[in-house]
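Biologist: I would like to learn how to read features in a model. Could we take them in turn, general idea before the case?

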Amino acid sequence: MADILFLAHRVPFPPNRGDKIRSANLLKKLAEIAPVHVGCFAENDEDRAGAATLEHLAASHRVINRTKPLVLAGAEAVLKNKPVSLTAFHSSQLVEWVQETLASHDISTIVIFSGQMGQYVPDDFAGRVVIDLCDVDSAKFEGYANAGQRVWLNSREGRLLACEEERLARRADATILISDNEAELFTSRLQFPSMTNVQVIGNGIDAAAFDPETVVPHEQLSAKSGPQLVFTGQMDYSPNEQAVLWVINECLPRLREQFTDAELHIVGRNPTKALLAHEGTPGLTIWGEVPDVRPFIAAATCVIAPLLIARGVQNKVLEAMAMARPVVLTPQAATGIAAKDGEHWLVSEANAETMCASLSALVTDPEAAVNLGKAARQFVLNHHAWGAMLAPLENLVLGNAAEARDAA
């Protein structure tokens, strides 16, 4: 077949956060199908260093430094009646590169990763368009507004993004969501669902990298006598921040009443001021960015994912399961993974009493915790290998009649 143009909102490498893990594996799969030309943004030195990987993987590439302040993007968005998400990721340089690439190469398919990048698909492009939205961003912003966060701004963003999602779904030959739940939600919000082709490709996991047999548990955590709870994630991401603040305020004190040496470890880059304000809280350690999260997961008595707002599939949950650690999570964080409560993980509502009861059950019954972890890893091996998850992508890119595989 002819070449592929792949556009992503961030440099996929290094694949050290949820969106980059998915886009990196998506790009690798596309490169197996045909030569790929990659256009994307870099936000920091790590992204710019990751662009070196594109030298070996892509037929050509262009990385644009994204420096537009959010305040400026917001002002542009209001003036142009567009979502802030789109103006923040608009670049005339990338528009020109896309036009040049389409003119100088035989591009048969444009693959878009994340809805912000759909604005770069020319109206007159006659080839196939495949858009991986991952999850329903408009619903996420509506959720923020409903939770009382920047109500006017988030309500506006949700409303305008819903219009853009409708446009993209009608423009694309295939629109990909990360789970059945997200696909059903997305379809239910469309005015003309019959005019769209919505498919599901779930998230995978590198089970070899997240293998408990090859990871040495973190020395400091392993040396402690009490239960060690671990939360991993990008800590300036609002749902992660919200979840952790809830645990600190509501669960940790209650848990330490029963287990005086219980500790909570927050592992992830860019902890917010609101989170850092809790430094010094008994039993709490905020690690910030670390070279490798795996030793922390390996040393955890339990990994927690008490998200109150969650879209798509949580990589942090898959990683913990692959590491054979028992996981306690909310129903929101469990969405998109077809594991069973009590067999592969423990699901608890965001209620301090029930959450602590689940944690206590694992601490007081180590054998049950070990068995839960073993079952979790086996579930990931059986259902979430990247090769199996991305198998439908070739048919979508080539236009063959085939159904995509669900995340489960």
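Modeller: We will go through salt bridges, a strand and a helix. Keep in mind that this is a predicted model.

Biologist: Start with charged pairs. How many salt bridges does a search of the whole structure find?

Modeller: The general idea is that side chains of opposite charge can pair when their charged atoms come close. Here the search over the whole structure gives 18 salt bridges. One of them joins the side chains of K68 and E76, at 3.3 Å from N to O. K68 is partly exposed, at 21% relative accessible area. E76 is also at 21% and counts as partly exposed.

Biologist: Now a pair within a helix. Where do R167 and E164 lie, and how many residues apart are they?

Modeller: An α-helix has 3.6 residues a turn, so residues three or four places apart point the same way. R167 and E164 both sit in helix α7, residues 151-171. They are 3 residues apart, which means about one helical turn between them. Their side chains form a salt bridge, 2.9 Å from N to O. R167 is partly exposed at 34% relative accessibility. E164 is buried, with a relative accessible area of 9%.

Biologist: Which residues are linked in a network of salt bridges?

Modeller: R10, R17, D19, E43 and R66 are linked that way.

Biologist: Next, strands. Is β9 buried or exposed?

Modeller: Count the buried residues along the strand. In β9, 5 of the 5 residues are buried, so the strand is largely enclosed by the rest of the structure. Then check which way the residues point. E263, H265 and V267 point one way from β9. L264 and I266 point the other way.

Biologist: Which strands pair with β9, and in what sense?

Modeller: Look at the bridges on each partner. Strand β8, residues 228-232, pairs with β9 in the parallel sense over 5 bridges. There, F231 has I266 of β9 as its bridge partner. From β8 the chain crosses through helix α10, residues 238-258, to β9, and this β-α-β crossover is right-handed. β10 also runs parallel to β9, joined to it by 4 bridges. H265 stands opposite T285 of β10.

Biologist: Last, a helix. How many residues has α16, and what does it reach from its first C-alpha to its last?

Modeller: Compare the span with the one expected from the residue count. Helix α16, residues 366-383, has 18 residues and reaches 26 Å, close to the 26 Å expected at 1.5 Å a residue.

Biologist: Which residues of α16 are buried, and which are exposed?

Modeller: Sort the residues by side. A369, L372, G373, A376, R377, F379 and V380 are buried in α16. These residues cover an arc of only 155 degrees around the axis, so they lie on the same side of α16. E367 and K374 are exposed on the other side.

Biologist: What covers the buried residues of α16?

Modeller: The cover includes α13 (315-322), β13 (346-347) and α15 (352-364).

Definitions and conventions. Residues are numbered from 1 along each chain as its sequence is written. This is a predicted model: local features need pLDDT of at least 70, side-chain atom pairs count only at pLDDT 80 or more; totals for chains, interfaces and linings use all residues. Side-chain values use heavy atoms; hydrogens and water are left out. A salt bridge is a side-chain nitrogen of Lys or Arg within 4 Å of a carboxyl oxygen of Asp or Glu. Buried means under 20% relative accessible area, exposed over 50%, partly exposed in between (1.4 Å probe, protein chains only). Helices (H or I, at least four residues) and strands (E, at least two) are DSSP runs, numbered from the N terminus. Two strands pair if DSSP finds at least two bridges between them. A crossover is right-handed if, with the strands pointing away from the viewer, the path from the first strand over the helix to the second runs clockwise. The expected span of a helix is 1.5 Å times one less than its number of residues. The arc is that of the directions from the helix axis to the C-beta atoms. Contact means heavy atoms within 4.5 Å.
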